[in-house]
Amino acid sequence: MGITRRVAATCLVILLFTAVRLQAQDTLAAARELYASAQYDNALKLLDRLSVGTPAGDEQQSIDLYRSLCLLAVGR
């Protein structure tokens, strides 16, 4: 019974981690859409919130890229 609980707990942790990761990707996708629709200030606010969560390396690079593009677009 102890092994079954450990397996269940491990599965739950993996599921939660995946859900958080998917939510972050959706939010990055939303920031991309804001950028594409020229809503740069809103995209910057969203990207700033995303940066706080210490995302994985590739996500952080995408956040930094879109943040730079938005700042360039608004002349800052």
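Which pattern does the protein follow, read along the sequence? Then go to the contact of helix 2 with helix 3.

Author: This is a predicted model, so local features need pLDDT of at least 70 and side-chain atom pairs count only at pLDDT 80 or more, while totals for chains, interfaces and linings use all residues. Residues are numbered from 1 along each chain as its sequence is written, and side-chain values use heavy atoms, with hydrogens and water left out.

Read along the sequence, the pattern is α-α-α. Helices here are DSSP runs of H or I with at least four residues, numbered from the N terminus.

Contact means heavy atoms within 4.5 Å. Helix 2 contributes Tyr40, Ala43, Leu44, Leu47, Asp48, Leu50 and Ser51. Helix 3 answers with Gln60, Ile63, Tyr66, Arg67, Cys70, Leu71 and Ala73.

The largest nonpolar core has 11 residues, among them Ala43, Leu44, Leu47, Ile63, Tyr66 and Cys70. Such a core joins buried Ala, Val, Leu, Ile, Met, Phe, Trp, Tyr and Cys through side-chain atoms within 4.5 Å; buried means under 20% relative accessible area, with a 1.4 Å probe and protein chains only. Helix 2 gives the most to this core, 5 residues. Leu28 also belongs to the core. Beyond its neighbours within four places in sequence, Leu28 contacts Leu47, Leu50, Ser62 and Ile63.

Conventions: Helix = DSSP H or I, 4+ residues; strand = E, 2+ residues; numbered from the N terminus. Buried < 20%, exposed > 50% of the residue type's maximum accessible area, 1.4 Å probe, protein only.
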